[in-house]
Amino acid sequence: MNRDKIKVIVSKVGLDGHDRGAKVVATLLKEAGMEVVYLGMYQTPEGVIRAAIDEDADVIGLSYLSGEHLVYTPKIVNEMKKSGLNDVLLVVGGSFPPEDVPVMKEMGVDEVFRGGSLTKSIVDYIKKNAREKG
Amino acid sequence: MAKTRSDSPEEMVQKLLAGDRRAAARTITLMENQSEKNNQVMKLVYPHAGKSMVIGLTGSGGSGKSSLINHLIRRYRDQGKRVGVVAVDPSSPFSGGALLGDRIRFQAHSMDDGVYIRSMGSRGYLGGLARSTSDVVRIMEAMGNDVVIVETLGAGQDEVDIIHVAQTCVLVLTPNMGDDIQAMKAGIMEIADIIVLNKADLDGAILCLRSLEATIQFAISQREDGWVSPLISTVASAAKTEDLQGINELMKTIRDHQEYLHESRAIDEVQAKRIEQELGLVFKDEVQKFIFKGLKGTGKKRQYIKAIFEGRTDPYSVVEEVLSTFLKVGAKVNETSGSKKHI
């Protein structure tokens with residue numbers, strides 16, 4: 001069981017204290033055979049990017065339940081560009097209005113999973129697309 | 001796969017030696033994946049490694065290893081030292097996945113350029129570390145970190161591989177983990193150069209401290225090197241900074257142990273043992289690779305398994321037979337090749 005694990009950073013940025021969703025997804029990805037670096041709450045965009053660099057992550061997963069997704073996501077995308085992480089998949093999950101999904105995709109988010117998404121769809125998406133970008 | 005980089009091992013190592021974090025991260029991934037390039041990379045890394053102070057922290061899951069390391073990082077950074085951290089967590093025996101949760105405690109250092117933290121899944125390797133942890137420590141040494149801190153996964157009684165990697169081993173315990181008989185047992189209790197009783201603000205801490213003290217008294221005479229493992233009580237996590245305890249004392253005790261190692265020259269033995277372990281691991285891997293490569297495509301492996309399954313032979317006889325065939329070939333190679341690195 002040595003080779004090529006997909007490595008995922010799971011984190012929340014900003015002042016958002018609801019981590020149940022992030023924990024559920026982190027556990028799910030672990031059970032799907034991925035290595036999940038769980039950063040937890042109250043992270044800064046710069047800190048998430050630094051972790052992604054040092055951990056050689058394939059995927060960054062962000063969870064929002066506080067309505068800050070349109071504030072922090074552009075910052076994350078910007079930091080990723082600055083650091084040359086163009087081959088790292090950016091996936092966002094949480095609860096937000098459906099009309100914000102295209103907005104985030106326009107910003108550069110690769111995929112968005114709103115509340116009610118099937119767990120299988122998240123795993124399948126990451127397995128299919130991690131390392132295919134860039 | 002887009003992520004496969006075309007960088008040669010030479011380029012990668014050159015970049016990581018120059019402080020390129022991404023190159024270092026990629027190199028570590030190669031090690032974790034036991035890639036084909038491993039040996040080549042390590043040959044280039046090795047001459048630059050070996051100059052750092054390597055500290056290991058071990059103990060049960062939840063005992064406070066990461067929280068203590070968080071404070072150690074800060075203290076070493078205050079001294080202007082560069083710090084590398086390798087934190088191992090267990091991989092699932094079922095899915096192979098892992099939840100690597102140590103980094104969450106190191107958030108205060110998330111933007112410090114003088115700190116490099118890497119989480120690793122154990123990937124089925126026993127002993128409290130991952131197979132490639134010792135290589136990753138070498139890489140962190142070569143990166144120019146003055147201090148490399150290795151955190152084992154939550155270790156119970158017998159996960160003692162940390163002694164082969166770290167110069168100073170810190171065992172982290174918490175109150176109410178059992179009576180003095182538990183503390184007298186062989187294994188992890190014996191490998192500690194420093195014993196920390198963390199969460200010393202909990203009920204039962206004083207009683208635990210007393211029984212540990214008594215146990216250490218028994219053990220003193222058993223250590224050949226004459227070092228008496230100090231016992232320190234700490235509180236690594238508290239709502240208010242002033243409620244933290246024992247961190248400075250732990251720092252001082254680590255320094256004491258390092259001074260002891262260097263003054264008594266015991267450090268040479270520690271380093272030699274580390275090399276012996278590395279050599280053993282590399283031999284084991286390479287011999288196994290060599291033999292499986294030789295068997296590949298011959299259908300022999302399947303025949304052997306079938307023969308053992310049907311009771312016609314046993315694994316020990318098979319290995320003897322295979323080894324005698326392959327090692328003869330190996331001996332020939334050794335005789336004819338005039339390696340320039342011949343000692």
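The dialogue below takes these topics in turn.

Q: What kind of model is this, and how are its parts numbered?

A: This is a predicted model, in which local features need pLDDT of at least 70 and side-chain atom pairs count only at pLDDT 80 or more, while totals for chains, interfaces and linings use all residues. Residues are numbered from 1 along each chain as its sequence is written, and chains are lettered from A and ligands numbered from 1 in the order in which they are written.

Q: Into which domains is chain B divided?

A: Domain bounds come from an automatic or database domain assignment. Chain B has domain 1 (1–47), domain 2 (49–264) and domain 3 (273–335).

Q: How many residues of domain 1 of chain B are in contact with domain 2 of chain B?

A: Two residues are in contact if their C-beta atoms, placed from the backbone, lie within 7 Å. By this criterion, 11 residues of domain 1 of chain B are in contact with 11 residues of domain 2 of chain B. On the domain 1 side, α1 (9–17), α2 (21–32) and α3 (38–45) of chain B each supply at least two residues; helices (H or I, at least four residues) and strands (E, at least two) are DSSP runs, numbered from the N terminus. The largest share of that side, 6 residues, comes from α2(B).

Q: How many residues does each chain bring to the contact between chain A and chain B?

A: Chain A brings 33 residues and chain B brings 32 residues. The side of chain A that touches chain B includes at least two residues from each of α1 (20–31), β2 (35–43) and α2 (45–54) of chain A.

Q: In which sense do β2(A) and β3(B) pair?

A: Two strands pair if DSSP finds at least two bridges between them. Here β2(A) and β3 (residues 98–100) of chain B pair in the parallel sense over 3 bridges. Within this pairing, Val36(A) stands opposite Leu99(B) in β3(B).

Q: How is the packing of two helices described?

A: Two packed helices are described by the angle between their axes and the distance between the axes. The axes of α2(A) and α3 (residues 69–82) of chain A come within 9 Å and cross at roughly 40 degrees; axes are lines fitted to C-alpha atoms, for helices over the stretch in contact, and angles run from 0 to 180 degrees between N-to-C directions. Therefore α2(A) is oblique to α3(A), since angles under 35 degrees count as roughly parallel, over 145 as roughly antiparallel, 65 to 115 as roughly perpendicular and the rest as oblique.

Q: Which residues of α2(A) meet α3(A)?

A: Pro45(A), Glu46(A), Val48(A) and Ile49(A) in α2(A) meet residues of α3(A), including Tyr72(A) and Ile76(A).
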